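Subject: structure handover

Hi,

Here is the structure I promised to pass on. Have a look at it first, then read my notes below.

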Amino acid sequence: MNFSGLKDAGSFEYWKKHFTDLPADWSPGRVITTFKKRYLIKISNGLVEGDLSGRLKHNAGSPVDLPVVGDWVAISGDRQQVLIRRVFPRKSVLTRKTAGRTFEKQVLAANVDVAFIVQALDRDYNLNRLERYMTVVYSGNITPAVVLNKVDIPEEHEVKCRFEEVRKRFPETMLFLVSALYGKGIEEIRHFLEPGLTFCLVGSSGVGKSTLINAIAGENLAETGDVSTSTTKGVHITSRRQLHMLSNGTILIDMPGLREIGIADADEGLNKTFPRIFELAANCRFDDCTHTREPDCAVKRAVNEGTLDVRQYENYMNLRQEYKQYTQQVMEKTWKTSRK
Ligand SMILES: Nc1nc2c(ncn2[C@@H]2O[C@H](COP(=O)(O)OP(=O)(O)OP(=O)(O)O)[C@@H](O)[C@H]2O)c(=O)[nH]1
Ligand SMILES: [Zn+2]
């Protein structure tokens, strides 16, 4: 397969090895955005629009198997009709349980290296929600970084306080204090970006993700979502889930504000987000301790002794419960389907 000319769509070394024996007329590409049932794909010499091949649609076990922004795919055809033949194995995924009472898993983006979790230092700031996002990001095999935006709004001491709070909770995680609107902290973020890697921005609506993308890129990328129309036959993209290729070789994926990000995959994510609880749990008397009523529970003991923040414990228990509910529902659904 010819990967040359795709460097600006991200590092593809990982996928190269998986796809050495594909038909000669297939070529690689990366999904830039999806709209309705069509896909915009970056290929070695430009952008093309494509559909799913019948076989790919037919073989997809669930919507999770269909391409999303960031996916590396194999395509065939010419510019008249491009078909996506295969989705390459994903290195990482940003997933969530879909909003509402359904228990569907939704893949929001694939092959993201680093996720900037953006919170605004106005009413949006919430440590519990930050832990929720951390869990989702870690679970998807993505490295988190935290951006506290709108530092121009609160008093200086409040900014400092929030900074310390997040730093203390996540000492290993990159943390940026930013005012996207006034350009503060943008240079630090640019410095952190790495050519070839894929970054995405997640966070609630209105925290300033689009403003931040534009500030980082130094141009208005996120507002209109336009892509080079000369190579896409004038397609106008309105999707907010879009991959931008910056001039320094970094890839940035813009995400719409998420009202709700339910926990779908979490085991690893919870352990990484709450490493202290994970460590403590190793000393509980029972291996399957639920850290509620069992005797000799090291987690509860730490809460009672004041060495583990009770708020952190409660948030952990909530997220864990949510994850359990999700897996239970999935199991029930699978069981019902298998009996049909
Ligand atoms: N004061 C202040 N306002 C900001 C800052 N960054 C963004 N805003 C404002 O916050 C509002 C929302 O910004 P957006 O960039 O659209 O937020 P978003 O996260 O992309 O929102 P969604 O598109 O709904 O997901 C706009 O009015 C911005 O001008 C900042 O650093 N300081
Ligand atoms: Zn326990």
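A word on terms before the strands: two strands pair if DSSP finds at least two bridges between them. Helices (H or I, at least four residues) and strands (E, at least two) are DSSP runs, numbered from the N terminus.

Housekeeping: residues are numbered from 1 along each chain as its sequence is written, while chains are lettered from A and ligands numbered from 1 in the order in which they are written. This is a predicted model, so to speak of local features needs pLDDT of at least 70, side-chain atom pairs count only at pLDDT 80 or more, and totals for chains, interfaces and linings use all residues.

**Overall**

The chain's secondary structure comes to ten helices and 13 strands. Of its 340 residues, 37% are buried, where buried means 20 or more other C-beta atoms within 10 Å of the residue's own, exposed means 12 or fewer, and partly exposed is in between, with C-beta atoms placed from the backbone. Taking contacts between residues at least 6 apart in sequence, 65% join residues at least 24 apart. A contact here is two C-beta atoms, placed from the backbone, within 7 Å.

**The six-stranded sheet**

There's an open sheet of six strands in the order β10-β9-β8-β11-β13-β12, and its pairing is mixed. The edge strands, each pairing on one side only, are β10 and β12 (242-245). From one strand to the next the twist averages 25 degrees. For angles, axes are lines fitted to C-alpha atoms (for helices, over the stretch in contact), and values run from 0 to 180 degrees between N-to-C directions.

V147 has F176 in β10 as its bridge partner. To get from β9 to β10 the chain passes through helix α4 (residues 156-169), making a right-handed β-α-β crossover. Right-handed means that, with the strands pointing away from the viewer, the path from the first strand over the helix to the second runs clockwise.

Helix α6 lies across β8 (114-120), β9, β11 (198-202), β12 and β13, and runs at about 160 degrees to β13.

**Around the ligand**

Which helix gives the most to the shell around ligand 1? That would be α6 (residues 209-217), with three residues. There are 16 residues around the ligand, and L181, S205, G208, S210 and G257 come nearest; a residue is near a molecule or strand if its C-beta atom, placed from the backbone, lies within 6 Å of it. By class the shell holds five nonpolar, eight polar and three charged residues. Nonpolar covers Ala, Val, Leu, Ile, Met, Phe, Trp, Tyr, Cys and Pro, charged covers Asp, Glu, Lys and Arg, and the others, Gly among them, count as polar.

**I186**

I186 sits in helix α5 (residues 186-192). Leaving out residues up to four places away in sequence, I186 touches V178, A215 and I216. A217 is 31 residues from I186 along the chain, and their C-alpha atoms are separated by 9.7 Å. I186 counts as partly exposed because it has 17 C-beta neighbours inside 10 Å.

Strand β2 (residues 38-43) pairs on two sides. With strand β1 (residues 27-35) it is antiparallel over five bridges, and T33 has L40 as its partner in β2. With strand β3 (residues 46-52) β2 is also antiparallel, over five bridges, and Y39 stands opposite G50. Two residues separate the strands in the β1-β2 hairpin, where K36 takes a positive phi near 50 degrees; the β2-β3 hairpin has two residues between its strands as well. Five of the six residues of β2 are buried, so the strand is largely enclosed by the rest of the structure.

N141 is not a glycine, yet it has a positive phi of about 70 degrees. N141 is in the loop between α3 (127-139) and β9, and is partly exposed because 17 other C-beta atoms lie within 10 Å. H291, also not a glycine, has a positive phi of about 60 degrees. H291 lies in the loop between α8 (275-281) and α9 (298-305). Buried or exposed? H291 counts as buried, because it has 21 C-beta neighbours inside 10 Å.

Cheers
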